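Hi everyone, thanks for making time.

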Amino acid sequence: AMDVLGIEQADLVGVSMGGMIAQHFAADYPERLGKLVLVVTCSRPNPILTESVQEWIDLAQRGDHAALMDSNLRRIYSESYYRKNRWLIPVTGKLTKPKSYDRFLLMAEACRSHDAWNSLPGISVPTMVIGGRQDHALGGEASREIASRIPGAKLKMYPQWGHGLYEEAKDFLPTVMEFLEY
């Protein structure tokens, strides 16, 4: 896509599964990157990710979209966000149910088998890792692991937020922009 658009080098922000992809891109094409931001992602499977994804796979295979939406909301957002918005689950469950879960299951399996652990020390671009300690989708420790493996990486952990911190933390975008501007 960068070649088609004529972009020689760009900063890259990867969130969740996008962060998994961004880790491989950074390791394989460092000359194409200026800076890298990895948000609520992991470098390899861990017990929390495995449990979450297996739960979602089971629900998708049963076709229980409302329960899948509930599990996502519960695991991704803070308890207060979940309590405030769970009433939307039956509505969004009916409006967003896909005809097939094939693509979802393919992406879930990709998350479950993703492993960039050995590539992380080779990432040479300035990197910021952002995680939430309350991440019930893949665990906050995953962000710490990534930051510890990438030379010179900066780590920003949000103690009160989870996987959905990119929507809930009011300073998320300013934090990312400040890192990218310097």
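I'll take the sheet, then the crossovers, and then the pocket.

One thing to keep in mind throughout: this is a predicted model.

Let's begin with the sheet. Four strands make an open sheet, and their order is E1-E2-E3-E4, with parallel pairing. As a quick reminder, strands in a sheet pair through backbone hydrogen bonds, and the pairing can be parallel or antiparallel. Now, which strands stand at the edges here? Those are E1, residues 10-15, and E4, residues 154-158; each has a single partner strand, so one side of each has no neighbour in the sheet. On average, neighbouring strands are turned by 15 degrees against each other, if you ignore direction.

Let's look at the E1 end. E1 and E2 run parallel and are joined by five bridges. If you'd like a pair to click on, Leu12 has Leu36 in E2 as its bridge partner. How does the chain get from one to the other? E1, H2 and E2 form a β-α-β unit, and that unit is right-handed.

Over at the E4 end, strand E3, residues 127-132, pairs with E4 in the parallel sense, over five bridges. Two pairs are handy to find on screen: Gly132 is opposite Tyr158 in E4, and Met128 is opposite Lys154 in E4. From E3 the chain passes through helix H8, residues 141-149, on its way to E4, and this β-α-β crossover is right-handed.

Finally, the pocket. The largest one has a volume of about 450 Å³. Which residues lie nearest its centre? They are Ser16, Trp56, Asn72, Ile76 and Phe104, out of 21 residues in the lining. Helices H2 (17-28), H3 (47-62), H4 (65-76) and H7 (102-113) are the elements that each give two or more residues to that lining. H4 gives the largest share, with five residues.

Key:
Residues are numbered from 1 along each chain as its sequence is written. This is a predicted model: local features need pLDDT of at least 70, side-chain atom pairs count only at pLDDT 80 or more; totals for chains, interfaces and linings use all residues. Side-chain values use heavy atoms; hydrogens and water are left out. On a 1 Å grid over the protein atoms alone, a cavity is a set of points where a 1.4 Å probe fits but cannot get out, and a pocket is an open set with protein on both sides within 12 Å along at least five of seven lines; lining residues have an atom within 4 Å of a point. Grid points are joined across faces, edges and corners, and a volume is the space filled by probe spheres set on the points. Two strands pair if DSSP finds at least two bridges between them. Axes are lines fitted to C-alpha atoms, for helices over the stretch in contact, and angles run from 0 to 180 degrees between N-to-C directions. A crossover is right-handed if, with the strands pointing away from the viewer, the path from the first strand over the helix to the second runs clockwise.
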